[in-house]
Amino acid sequence: MKLKLLGTGQKLMAQTNKTFNTQNNLELSIQISLSGLSFCILQRDTHTIMSLKEVSFEKKLNPIEVLDQLKHLFNTESVTQNTYEAITIIHGNELSTLVPKPLFNEDCIADYLKFNSKILVSDFIAHDDIVINDSVNVYVPYININNFIYDQFGAFTFKHVSTVLIEEILHLEKNASTPKVYVNINKNHFETIIVDNAKLILYNTFEYNAPEDFIYYILFATEQLNLNPETFNLVFIGDVSKQDALYAIAYKYIRNVSFGNRNETYEYLETPKYNYSNFTLIKSF
C-alpha cells in the first residue's frame with residue numbers, strides 16, 4: 001500500500017487490521033542501510049534486550065534488494081510473530097543535510113538536499129526535528145521499506161541515523177569543554193560527528209575501501225576545522241575494535257584514540273560485541 005507519510009521523528013499513523021497487545025511491552029527497532037541491516041527487540045517492563053541481530057551484505061545493494069533481505073530476515077527470525085507497543089525504523093544513507101531551525105521552510109525541502117546530494121524528482125523527502133541543537137535534519141528515507149513495515153505492523157516511527165547520532169552524542173557531551181571527533185564505523189562507510197564545547201561542529205558520512213581512505217577523511221575534516229591531531233580526542237563507536245586496521249592507522253596519526261560507551265543499563269539475552277557497538281540501533285529506543 002502506498003503511503004502519504006506524515007512527517008518524521010513522529011509516528012506514521014493509519015488504520016490497520018492488526019491488533020497491538022500493549023501488555024507485552026515489546027518495542028522493535030530496525031536499522032536499514034544498503035550495506036546491511038539489523039534489528040533489536042526490547043522488553044520495556046524488564047528493561048531487557050530480548051533479541052539483537054545483524055546482517056552484513058557482501059556488496060552494496062539497492063533498496064529493492066535490501067527489502068528482499070529484510071523480508072527474508074523476518075521470515076527466518078519470526079519477527080512478525082510478535083506484536084509491538086512501539087516500532088522505530090532507522091534509515092542510514094548519505095542523503096541527508098542539516099538546516100538551522102529558524103531557516104527551515106518545508107516548502108523548500110528538496111532545495112536543501114540538492115546542494116550536496118544527488119536526488120531524483122520522485123524521491124520522497126522527510127525531515128526530523130533535532131531539538132537539542134535547534135536544527136532540522138532533511139533526508140530521503142527508503143520509502144519501499146516504510147511501505148513494507150506499514151503493511152506488516154501499522155503505525156511506526158522513522159528517523160535518519162544521523163538524527164540518532166547527533167542527539168545522543170550531544171547529550172553525552174553536554175558538559176564537555178574539549179573537542180571530540182566521534183566516528184561511527186560501518187562496513188565500507190562511517191559517520192563523523194565533531195563536537196566542541198557541547199556544540200555540533202560537523203556531521204558528515206564517508207565511504208572507504210581501505211584504512212588509508214578512512215584516515216584521509218578524518219585528517220582532512222579535522223584540518224579544515226583547525227583541530228590538532230595532538231590534542232583532539234578521536235572516539236570510536238560502532239563495528240570496530242583495537243585489533244582492526246582502522247584503529248591501528250588512527251593511532252598512528254592521532255594521539256588520543258579511545259572507544260565510546262552507549263551508557264545504558266539494559267539486560268541482554270544476546271550481548272552486543274562491545275559496549276559501544278550497535279550504538280544507533282540500541283540508542284534509538
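**Reading contacts, burial, cores and pockets**

Modeller: Let us begin with contact, a word used when heavy atoms are within 4.5 Å; leaving out residues up to four places away in sequence, glutamine 31 touches Gly36, Leu37, Ser38, Ile90, Val161, Thr280 and Leu281. This is a predicted model, in which local features need pLDDT of at least 70 and side-chain atom pairs count only at pLDDT 80 or more, while totals for chains, interfaces and linings use all residues. Residues are numbered from 1 along each chain as its sequence is written, and side-chain values use heavy atoms, with hydrogens and water left out.

Colleague: In which strand is glutamine 31 placed, and is glutamine 31 buried or exposed?

Modeller: Helices (H or I, at least four residues) and strands (E, at least two) are DSSP runs, numbered from the N terminus, and on that scheme glutamine 31 has its place in strand β2. Burial is read from relative accessible area, where buried means under 20%, exposed over 50% and partly exposed in between (1.4 Å probe, protein chains only); glutamine 31 counts as buried because its relative accessible area is 13%. In space, the C-alpha of glutamine 31 lies 9.8 Å from that of lysine 159, although the two are 128 residues apart in sequence.

Colleague: Which members of the largest nonpolar core touch the most other members?

Modeller: In soluble globular proteins, nonpolar side chains tend to be buried together. A nonpolar core is a set of buried Ala, Val, Leu, Ile, Met, Phe, Trp, Tyr and Cys residues joined through side-chain atoms within 4.5 Å. Here the largest one has 36 residues, and Ile185, Phe214, Leu234 and Phe236 touch the most other members. At least two of its residues come from each of α4 (161-172), β10, β11, β12, α5 (211-224), β13 (233-238) and α6 (245-253), with α4 giving the largest share, five residues. Isoleucine 185 has contacts beyond four places in sequence with Phe190, Tyr208, Phe214, Phe236, Ile237, Gly238, Asp239, Val240 and Leu246. There is also a second, separate core of 29 residues, which includes Phe57, Leu67, Tyr142 and Phe158.

Colleague: What covers the buried residues of α6?

Modeller: The buried residues of α6 are Leu246, Tyr247, Ile249 and Ala250, and their cover includes β10, α5, β13 and β14 (256-259).

Colleague: How many residues line the largest pocket, and which element gives the most to that lining?

Modeller: On a 1 Å grid over the protein atoms alone, a pocket is an open set of points where a 1.4 Å probe fits, with protein on both sides within 12 Å along at least five of seven lines, and lining residues have an atom within 4 Å of a point. The largest pocket has 33 lining residues, with Glu94, Ser96, Tyr203, Asn204 and Thr205 nearest its centre. Two or more lining residues come from each of β6 (96-100), β8 (135-139), β11 (189-196) and β12 (199-207), and β12 gives the most, with eight residues. The second largest pocket is lined by 27 residues, and Gln31, Ser38, Glu54, Ile185 and Asn186 are the closest to its centre.

Colleague: What is the phi of histidine 47 near, and where does histidine 47 lie?

Modeller: Histidine 47, in the loop between β3 and β4, has a phi near 60 degrees, a positive value in a residue other than glycine. Histidine 47 is partly exposed because its relative accessibility is 29%. Asparagine 263, in the loop between β14 and β15 (267-268), likewise has a positive phi, near 55 degrees, but asparagine 263 is exposed, with a relative accessible area of 52%.
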